[in-house]
Amino acid sequence: MSQNGLFLVFEGGDGSGKSSQRDILVERLKARGLDVVPTREPGGTPFAEEIRDLLLRGSMDKMHPKTGLGLFAAARAEHLETLVYPHLAAGRIVISDRFVDSTFAYQGSGEGCSMETIAALHRELCDDAQADLTILLDGPVRTLLERALGRIADTGSLEDRFESADIAFHERKAQCYRDRAAAAPERYLVVDALQSIEAIADQIEAAVLRLIENRRIAAA
Ligand code: TYD
């Protein structure tokens, strides 16, 4: 996306292991002396985190899907303008847990919001920004959901509204991610989420190192 820096995004459904893999990649790149900025959506900046609180503290059940759509787009614009762009301009590697594909998958395919509206909002508010590489952790939805439910039972965070949605909703989201990756294979790395944590991490690291080499991004 940027002449300088590198914008990497992790996407995937519940139980895909996406957030853990983002953390592993951040640590591995830092160990190589690279200047890495971990972040997430919705959120990443103080104001975008306030929007996140509104969206995820059970409030989404009370709002129309279009309202959620607007809030996700607003949080993303704030995140891009005040965090992502400045760090990329400084030549850093920004690694986000989720980005606009989450909106296409969750609000679009999942909740039935118009894909055209999502694309238009992204164009108007977010400069049609795209990640240099989106790492999609994909696998059989039912198996991954069972994994996620196990994790919830362990941590007790049952109030997460998204995790209680039905299987069909998750299937639609997963298909949306796959379709988007298939439409632009040069910008996606689709990884089998059922492999071991180590095997997934190695695959992601190798792809990212190749990209870093191509862009000639040096250690800080
Ligand atoms: P989070 O607790 O970070 O969940 P996860 O570990 O699955 O990433 O909450 C983020 C939730 O917000 C997640 O359920 C997906 C949802 N979301 C959307 O619905 N649309 C979006 O555009 C984004 C960025 C996230």
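Predicted model: local features only at pLDDT ≥ 70, side-chain atom pairs only at ≥ 80, totals over all residues.

Two or more lining residues come from each of strand S1 (6-12), helix H4 (100-110), helix H5 (115-126) and helix H7 (167-183). What is the make-up of the lining by class? There are 10 nonpolar, three polar and six charged residues.

I turn now to the ligand. Around the ligand there are 15 residues, with Lys18, Arg52, Arg98, Thr103 and Gln107 the closest. For Lys18, a side-chain N or O atom is 2.8 Å from an oxygen atom of the ligand. Arg52 places a polar side-chain atom 2.9 Å from a ligand oxygen, and for Arg98 the corresponding distance to an oxygen atom of the ligand is 2.8 Å.

How much of the ligand's accessible area does the protein cover? On its own the ligand has 540 Å² of accessible area, and the protein covers 88% of this. The elements giving two or more residues to the shell around the ligand are helix H1 (18-31), helix H2 (46-56), helix H3 (65-89) and H4. Of these, H4 provides the largest share, four residues. By class, the shell comprises five nonpolar, four polar and six charged residues.

To close, I return to H4: this helix gives two or more residues to the pocket lining, and four residues to the shell around the ligand.

How values were computed
Residues numbered from 1 in each chain as written. Heavy atoms only, no water. Nonpolar A, V, L, I, M, F, W, Y, C, P; charged D, E, K, R; others polar. Near = heavy atom within 4 Å. Polar contact = N/O pair within 3.5 Å; in protein donor to acceptor, adjacent residues only side chain to side chain. Areas by Shrake-Rupley, 256 points an atom, 1.4 Å probe, with all protein chains shown as cover.
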